[in-house]
Amino acid sequence: MPEGLATLASAVLLLAGAGFYFAGTVGLLRFPDVYTRLHALTKADNLGLGCLVLGLALQADSLAAALKLILIWPLAMAASASVGYLIARRARALGIVPWRRTEDR
Amino acid sequence: MSLALVFDLLLAIALLWSAWRALAAPEATRAVVMFIVFGLLLTLAWARLDAPDIALAEAAIGAGLTGALLLDALGAGRGERGGGERGRGEKDRAAARWRRPVLALSPLLAAVLVVALLKAPAPAVDLPAAVARNMAQSGVAHPVTAVLLNFRGYDTLLEVAVLLAALFGLLALAPGRPRAGAPGDPLLGTWARLAAAPMIVVAGYLLWAGAHQPGGAFQAAAVLAAAAVLLHLAGLLPACCGWGWPAACWCFSRWPCCRWATPRCSPIRPPGRGR
């Protein structure tokens, strides 16, 4: 039954996407400095968005709508990668030192 | 309590919280970031209210374009003042003086608006019905576009004329020539070049799609302007054009035969040719 299978796959993908977003948000709140937080956000949220978009594309009414949904993913990935790099570069220019474990210091 | 109601309540709380944070932020950068967050949340609120046209406009104009312009203005202010930490502190304090009056007045304004909305008399003409009756004459299938570009086309055209007059006034009064963007980061420049072309295509698509679904001229123009802002932020927009003719200059400088129209535009460097 392909209909039920698509719904199941969509649900699994949506849940996985939510899980990645949750991990990214926990990282944003819990990681010690701007660089590690950026790492959590740009990595986990990109994967989360990919899962969400694929999950929603499986439920889309038409192929065009599904392709439009999937198009969001590479655009958001390109934007978030560039913005993450620019924020990290600005933080470095402002002299923010990357966090280290206390025993390494 | 249904799940949708919980979401709406959370959204309302987040809206008020981000608005408060934008006003109460001690420094301008943080206030601008919170303003962008506020705009994105407002987009969600419009989408929840079944107003996709306004949601699209808010996402493109309110959150995206205004946010980028505010960030650009922040960067410009910092550059001109030589990055004086003291000067910035004074500016922030000067801005803080306005905070209390604004905080006091905005609930008042909200209350006045709510009362006005509740006490509004019933409209003499049933406009939605009139629009629905005349949809066939408009030539488009989406009622918002039919009103904006067909039924009140002259209104919209005159709005553009007013904006154009305001722009000329601004350019005439602006001290000195418009500023060119600083040569930006190479990665930003590459992405701005790559993103500009799809953004122009998306603007065209939004205008075309507005005939039969949410979209239209405002949203398309916002995306087009965002492409210009992006190029400006990356330092790729010629200086002479500034904000007056960014799109026109960008197009004209591509074709040598049109250079006479924008004589002071320097052609945009093709990617990969170093600076």
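**Confidence and helix packing**

Reply: This is a predicted model, and for chain A the mean pLDDT is 87, with 95% of its residues reaching 70 or more.

Me: In which helix of chain A is confidence lowest?

Reply: Helix α1 (residues 2–30) of chain A has the highest confidence, at a mean of 90. At the other end, with a mean of 88, the lowest confidence in chain A belongs to helix α3 (residues 63–93) of chain A.

Me: How many Å does α3(A) reach from its first C-alpha to its last?

Reply: α3(A) has 31 residues, for which 45 Å would be expected at 1.5 Å a residue.

Me: Which residue just after α3(A) takes a positive phi?

Reply: The phi in question is about 85°, and the residue that takes it, just after α3(A), is A:Gly95.

Me: Are α2(A) and α3(A) roughly parallel or roughly antiparallel?

Reply: Helix α2 (residues 34–59) of chain A packs with α3(A) at an angle of about 175°, and their axes are 9 Å apart. Because an angle over 145 degrees counts as roughly antiparallel, the arrangement of α2(A) relative to α3(A) is roughly antiparallel. By class, their contact has 5 polar residues and 1 charged residue, and its nonpolar residues number 18.

Me: Which residues of α9(B) make the contact with α3(A)?

Reply: α3(A) and helix α9 (residues 186–209) of chain B pack at an angle of about 160°, with their axes 10 Å apart, and the two helices are therefore roughly antiparallel to each other. From α3(A), the contact draws on A:Ala78, A:Ser82, A:Tyr85 and A:Leu86. The residues of this contact divide into 6 nonpolar, 1 polar and no charged. On the side of α9(B), those that make the contact are B:Leu187, B:Leu188 and B:Trp191.

Me: Within chain B, how many nonpolar residues are there in the contact of α1(B) with α2(B)?

Reply: Helix α1 (residues 3–24) of chain B and helix α2 (residues 28–48) of chain B pack at an angle of about 155°, with their axes 8 Å apart, and are therefore roughly antiparallel to each other. Among the residues that make the contact are B:Leu11 and B:Leu15 of α1(B), together with B:Phe35 and B:Phe38 of α2(B). Beside 1 polar and 3 charged residues, the number of nonpolar residues in this contact is 14.

Me: In what kind of crossing does α1(B) pass α2(B)?

Reply: For this pair of chain B helices, the crossing in which α1(B) passes α2(B) is left-handed.

Conventions
Residues are numbered from 1 along each chain as its sequence is written. Chains are lettered from A and ligands numbered from 1 in the order in which they are written. This is a predicted model: local features need pLDDT of at least 70, side-chain atom pairs count only at pLDDT 80 or more; totals for chains, interfaces and linings use all residues. Axes are lines fitted to C-alpha atoms, for helices over the stretch in contact, and angles run from 0 to 180 degrees between N-to-C directions. Helices (H or I, at least four residues) and strands (E, at least two) are DSSP runs, numbered from the N terminus. Angles under 35 degrees count as roughly parallel, over 145 as roughly antiparallel, 65 to 115 as roughly perpendicular and the rest as oblique. A crossing is left-handed if the near helix is turned anticlockwise from the far one by less than a right angle, and right-handed if clockwise. Two residues are in contact if their C-beta atoms, placed from the backbone, lie within 7 Å. Ala, Val, Leu, Ile, Met, Phe, Trp, Tyr, Cys and Pro count as nonpolar, Asp, Glu, Lys and Arg as charged, and the others, Gly among them, as polar. pLDDT is the predictor's confidence in each residue, from 0 to 100. The expected span of a helix is 1.5 Å times one less than its number of residues.
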